[in-house]
Structures are given as structure tokens and as C-alpha cells.
Amino acid sequence: MYVFSVNARAKETFDDFAKGDEVPFIVYINYKDLFGAEQLCRLYLIQEGFEKPTVKKRKLIEDKFLQDPKLINADPALKEALDSGYSIQTFTSH
């Protein structure tokens, strides 16, 4: 699994975002290959109505951490990514 710190622009005004706002995200992608995970990260953000996703940071989450129930239960986004394949969260800053 990989976790990405990504900025993307809102294509339209919705929720708390005005059109053109740059929004920071933390995205978990449960995929073995970095290139594929990064492409999926961009695709999911585009599907959610954002454009020009730019990956700022990327990190592999080692399998040993994905086997730790205490860690998984402490991080709802990680649990969601394990269950569904990905998780997207907005953040106030990177």
C-alpha cells in the first residue's frame, strides 16, 4: 500500500471549495506497484471532480504495518483503503 500527499484544483464550486481552489489531500492506495498506485491516485481525484493532481510526497506502507490490528483500528483511512482499495481525505496543509 502507498500513501500520497497530493494537491489538486477544484473544477467546480462544491462543499467548502470554490472553483480553482487548490486542495491538499492524503490518499491511500492499496496497490503493490508505485507507478500504478500513483496513476490510480490521480484518477480517483479526477473522478471526484478535481483537476491537475500533483503528487508532493509518496510513501510505501510496509506489509508488517498492514498486519497490525491496533494500527489499522487507530487509522480509519487506512482501514478503508484495506477494505475498498483506496481512501481519500482532504487536509488543511501538507
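Me: What makes a residue buried or exposed here?
Reply: Buried means under 20% relative accessible area, exposed means over 50%, and partly exposed is what falls in between, with a 1.4 Å probe and protein chains only. This is a predicted model, where local features need pLDDT of at least 70, side-chain atom pairs count only at pLDDT 80 or more, and totals for chains, interfaces and linings use all residues. Residues are numbered from 1 along each chain as its sequence is written, and side-chain values use heavy atoms, leaving out hydrogens and water.

Me: Why is K52 called exposed?
Reply: K52 has a relative accessible area of 60%, and exposed means over 50%, so K52 is exposed. K52 lies in strand 3 and has a positive phi of about 55 degrees although it is not a glycine. Most residues other than glycine have a negative phi.

Me: Why is E38 called buried?
Reply: The relative accessible area of E38 is 11%, and the cut-off for buried is under 20%, so E38 is buried. E38 has its place in helix 1. Leaving aside residues up to four places away in sequence, E38 touches F4, V55 and R58, where contact means heavy atoms within 4.5 Å.

Me: And why is F14 called partly exposed?
Reply: At 27%, F14 falls between the 20% and 50% limits, so F14 is partly exposed.

Me: How many helices and strands does the protein have?
Reply: There are four helices and four strands, in the pattern β-β-α-β-α-α-α-β along the sequence. Both are DSSP runs numbered from the N terminus: helices are H or I with at least four residues, strands are E with at least two.

Me: What makes a set of residues a nonpolar core?
Reply: The set must be buried Ala, Val, Leu, Ile, Met, Phe, Trp, Tyr and Cys residues joined through side-chain atoms within 4.5 Å. The largest nonpolar core has 16 residues, and F4, V6, F25, V27, I29, C41 and F50 have the most contacts inside it. Strand 1 (2-10), strand 2 (22-29), helix 1 (34-47) and strand 3 (50-60) each give two or more residues to this core, and strand 1 gives the most, with five. A second, separate core has ten residues, including M1, I26, I61 and L78.

Me: Why is the pair of F25 and F50 called edge-to-face?
Reply: Rings of Phe, Tyr and Trp (its six-membered ring) pair if their centres lie within 6.5 Å; planes under 30 degrees apart count as stacked, over 60 as edge-to-face and the rest as tilted. The centres of F25 and F50 are 4.9 Å apart and their planes are at 80 degrees, so the pair is edge-to-face. F25 lies in strand 2 and F50 in strand 3, so this pair ties together parts that are 25 residues apart in sequence. Both F25 and F50 are buried. Ring pairs link F14, F17, F25 and F50 into a cluster.

Me: How do you know that the radius of gyration agrees with a compact globule?
Reply: The globule rule is 2.2 Å times the number of residues to the power 0.38, and the radius is taken over C-alpha atoms. For 94 residues a compact globule would have a radius near 12 Å, and the protein has 13 Å, which agrees. The C-alpha atoms fill a box of roughly 40 × 25 × 20 Å along the principal axes.
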